Amino acid sequence: MFFDRNLGSRIIALFNCLGFYTFQCLLPLKQSCYYGAGTIPVNTLSVYGWAGILVTALLLWGVYHSFKNKN
């Protein structure tokens, strides 16, 4: 668990975790890996973090356009 009080570190950890688990849903390659300390970086933005930011942006774009179309 991540207990740092710094908001910036918490946001980085959020995007890293979101990106990691998105990769696991789409391409489950690390299923036999140890998921302990250090598996998902929490203090630095990694490839998983950039994927998490991309997923969030795509979801927000989809929500915006679905409300804009008024279906």
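Predicted model: local features only at pLDDT ≥ 70, side-chain atom pairs only at ≥ 80, totals over all residues.
Asn16 is a residue of helix 1, which spans residues 7–26.

**Exercise 1.** Determine whether Asn16 is buried or exposed, and identify which partners its side chain reaches.

*Solution.* 
- Step 1. The relative accessibility of Asn16 is 0%. Buried means under 20% relative accessible area, so Asn16 is classed as buried.
- Step 2. The Asn16 side chain comes to 2.9 Å from the backbone oxygen of Thr44.
- Step 3. A further polar contact, at 3.3 Å, links the side chains of Asn16 and Ser46.
- Step 4. With neighbours within four places in sequence set aside, Asn16 also touches other residues, including Ile40, Pro41, Val42 and Leu45. Tyr48 and Gly49 are likewise in contact with Asn16, and both also belong to the helix 2 side of the contact with helix 1.

**Exercise 2.** Classify the orientation of helix 1 relative to helix 2 and describe the residues where they meet.

*Solution.* 
- Step 1. Helix 2 covers residues 47–69; its axis lies 6 Å from that of helix 1, and the packing angle is about 85°.
- Step 2. Angles of 65 to 115 degrees count as roughly perpendicular; the two helices are therefore roughly perpendicular to each other.
- Step 3. Helix 1 contributes Phe15, Asn16, Leu18, Gly19, Phe20, Thr22 and Phe23. Helix 2 contributes Val47, Tyr48, Gly49, Ala51, Gly52, Ile53, Val55 and Thr56.
- Step 4. By type, the residues of this contact comprise 9 nonpolar, 6 polar and no charged.

**Exercise 3.** State how Gly8 is classed by accessibility, and how far Gly8 is from Asn43 in sequence and in space.

*Solution.* 
- Step 1. Gly8, like Asn16, is located in helix 1.
- Step 2. The relative accessible area of Gly8 is 36%, so Gly8 counts as partly exposed.
- Step 3. Gly8 and Asn43 are 35 residues apart in sequence, while their C-alpha atoms are 8.8 Å apart in space.

Note on methods: Residues numbered from 1 in each chain as written. Heavy atoms only, no water. Helix = DSSP H or I, 4+ residues; strand = E, 2+ residues; numbered from the N terminus. Buried < 20%, exposed > 50% of the residue type's maximum accessible area, 1.4 Å probe, protein only. Polar contact = N/O pair within 3.5 Å; in protein donor to acceptor, adjacent residues only side chain to side chain. Contact = heavy atoms within 4.5 Å. Axes fitted to C-alpha atoms, helices over the stretch in contact; angles between N-to-C directions. Parallel < 35°, antiparallel > 145°, perpendicular 65-115°, else oblique. Nonpolar A, V, L, I, M, F, W, Y, C, P; charged D, E, K, R; others polar.
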